[in-house]
Amino acid sequence: MEFKLILFYVLSAILVGSSLGVITSRNPVNAAMFLVLSFFTAGAVWMLAQAEFLAIVLILVYVGAVMVLFLFVVMMLDINFDRLRQGFWSYLPLGALIGILMILEMSIVLGGQYFQVLDTPLPPELANSSNTKDLGLLLYTQYTYPDQVAAAILLVAIIAAIILTYRGRKDTKRQVIADQVAVKAADRLRVVKMDAVKPQPAVTAAPESEAGDGAAK
Amino acid sequence: MDAMIQVGQNLFGAAWPLIWSVLKIVAIVAPLLLAVAYLTYFERKVIGYMQIRIGPNRVGPWGLLQPIADGVKLLLKESIVPTVASKGLFILAPVLSIAPALVAWAVIPFADGLVLADIDAGLLFVLALSSVGIYGVILAGWSSNSKYAFLGAMRCAAQMVSYEIAMGFALVCVLMVSQSLNLSDIVNGQGKGLFADFGVGILSWNWLPLFPMFLVYFISGVAETNRAPFDVAEGESEIVAGFHVDYSGFAFALFFLAEYANMILISILTAIMFLGGWLSPVGFLPDGFFWLAVKASALLFCFLWFRATFPRYRYDQIMRLGWKVFIPLTIIWLVVTGVWLISPLNIWN
């Protein structure tokens, strides 16, 4: 067996195992970390298929950004673990149905004769070139228009998400940056000239009281 | 070198490529860990002299054995896991913070051709790994089950996420002018140009045409590694020590190793992206690893200098600097670079 094939099976085993971990772990933070592991292994599998750009971007975007936000949310929530378990058996048939549908779709795409994904050999000029550059060339020449449309949709989604969830509080306090930048030392600080030694009033106090203080200490 | 490879192949046969890779990894990681240890010594000395003290001076001549003593002390101390901590994640967190800091060194070119993995997407690889380092911090904060640690983790994560974007955009400018994601190509690209032909290569490096990006990248790097003046994640005076307040012994040491390894990494990357890597600044001196080490050391000194000089930033000011100053600046410079590249004044072809 070729080394790459062994590597593929090892990575796939980790991927399947960590995906199972996502849906079986009791603690949502553990589940999120399993999801991170499965993204990472999926990236490694793609790397084996020489799709280095997609692999690294998967890690950069999903592991580096999306899952961090996920973890933020999961850690902040006070989740009742027992409530999460409720209704497992009633949702199982629906979930299983969706799972089977997905497997069917994948097998039609990958194994069937309609798409012929696996049978198409790679064009020889792709094998040795950087696929980052090739993807960039395609995206910004042939597919510029769909690419820009997708970007616009994402932008709308970002703004919509903020508008839908943002409820401005009435008592919000703000920093006025212009004032802070324009501030001078003299506005905040007053330098007071003082003598180094405090002028002592002519004391004729009795030395006994001082001695008494000293004893108290 | 070739003779050594030959002997190895004869000795180990099919397993040789594996052993050879492991040897190369050791050759990178062992000096790195030594550099990390002595960076802590150097930091204490530099800050000591800046504050008119002499710093460590008891263990060995000039205190040179101090980092070794510190390491031994931390190794021998007990690693305590708090009873209410989430144990698995608590142990995983320091591992997750040190691993990306070490793995990123795989693609760093130390001299022409002297690199462990000369991959095409080296820049992307570095970006991806620097974004993964955040997990160690978040998990450490959460799994400790302590309020101070959690606050530190939240601050740290928000800060790292914000400054990563500015760093990414600054690097996009670099890759636009060098037309490559390969770090060796980026360095070699900086060796060409009008000034390099005149023998003053220092003026051909990326720092001059991309000067704002150079500043943004390095300052974001300081923020990304949670160093002073951006060290609110540790904030000794407010939240004790931030995300690693509950760690002791060598688990605690791992966080420090990761922080200093990241500092060295950021310095080396800044040197590679903007200061010409291993290239010599003037034509009559030979190129070589020496120059990369000099540049990285100078940048590392800046890290220490900042710490001795600046007071800690206020939290909202850190966020403002990242989101409202650096990111707009990088986007504007992205457009400037793009226009420059297609204009007749293009200096990079």
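The model is predicted. Chain A has 11 helices and 0 strands. Chain B and chain A bury about 2200 Å² between them. The salt-bridge count over all chains is 6.

**Chain A: fold and surface**

- The elements of chain A run α-α-α-α-α-α-α-α-α-α-α from the N terminus on.
- Chain A holds 217 residues, and 17% of them are buried.
- Take the contacts in chain A with a separation of 6 or more: 54% of them join residues 24 or more positions apart.
- The accessible surface of chain A is about 17900 Å². Carbon and sulfur atoms account for 68% of that surface.

**Nonpolar patch on chain A**

- A nonpolar surface patch covers about 670 Å².
- Its members are A:Phe3, A:Ile6, A:Leu7, A:Val10, A:Ile14, A:Phe34, A:Leu37 and A:Phe40.
- Helix H1 (3–24) and helix H2 (28–48) of chain A each supply at least two residues of the patch.
- H1(A) gives the most, with 5 residues.
- A:Ile14 sits in helix H1 of chain A. Its relative accessibility is 37%, so A:Ile14 counts as partly exposed. Patch membership calls for over 30% relative accessible area, and A:Ile14 has 37%.

**Interface of chain B and chain A**

- The size of an interface is often given as the accessible area lost when the parts come together.
- Here that area is about 2200 Å², and carbon and sulfur atoms give 77% of it.
- On the chain B side, B:Leu124, B:Tyr135 and B:Trp142 lose the most area to chain A. Together they make up 25% of what that side buries.
- Five elements of chain B give two or more residues each to the side that touches chain A: helix H4 (87–103), helix H5 (122–132), helix H6 (134–143), helix H7 (147–178) and helix H14 (315–342).
- The contact takes 27 residues from chain B and 26 residues from chain A.
- Between the two chains, 4 residue pairs are in polar contact, counting pairs with both residues at pLDDT 80 or more.

**Salt bridges in chain B**

- Side chains of opposite charge can pair when their charged atoms come close.
- B:Glu43 pairs with B:Arg307, with the closest N and O atoms 2.8 Å apart. This pair links distant parts of the chain: B:Glu43 lies in helix H2 (residues 16–50) and B:Arg307 in helix H13 (residues 289–309) of chain B, 264 residues apart.
- B:Glu43 is buried, because its relative accessible area is 3%. B:Arg307 has 41% and is therefore partly exposed.
- B:Glu259 and B:Arg227 meet in a salt bridge at 3.1 Å, N to O. B:Glu259 belongs to helix H12 (residues 249–274) of chain B, while B:Arg227 is in the loop between helix H10 (211–224) and helix H11 (236–239), 32 residues apart. Both B:Glu259 and B:Arg227 are buried.
- B:Arg312 and B:Asp231 form a salt bridge at 2.8 Å, N to O. B:Arg312 is in the loop between H13 and H14 of chain B, and B:Asp231 is in the loop between H10 and H11, 81 residues apart.
- B:Arg312 has 28% relative accessible area, so B:Arg312 is partly exposed. B:Asp231 has 11% and is therefore buried.
- A network of salt bridges links B:Glu43, B:Arg227, B:Glu259 and B:Arg307.

Methods. Residues numbered from 1 in each chain as written. Chains lettered and ligands numbered in written order. Predicted model: local features only at pLDDT ≥ 70, side-chain atom pairs only at ≥ 80, totals over all residues. Heavy atoms only, no water. Patch = residues over 30% accessible without salt bridge, like charges linked within 9 Å, V, L, I, M, F, W, Y side chains within 5 Å. Areas by Shrake-Rupley, 256 points an atom, 1.4 Å probe, with all protein chains shown as cover. Salt bridge = Lys/Arg side-chain N within 4 Å of Asp/Glu carboxyl O. Helix = DSSP H or I, 4+ residues; strand = E, 2+ residues; numbered from the N terminus. Buried < 20%, exposed > 50% of the residue type's maximum accessible area, 1.4 Å probe, protein only. Contact = heavy atoms within 4.5 Å. Buried area = accessible area lost by both parts, 1.4 Å probe. Polar contact = N/O pair within 3.5 Å; in protein donor to acceptor, adjacent residues only side chain to side chain.
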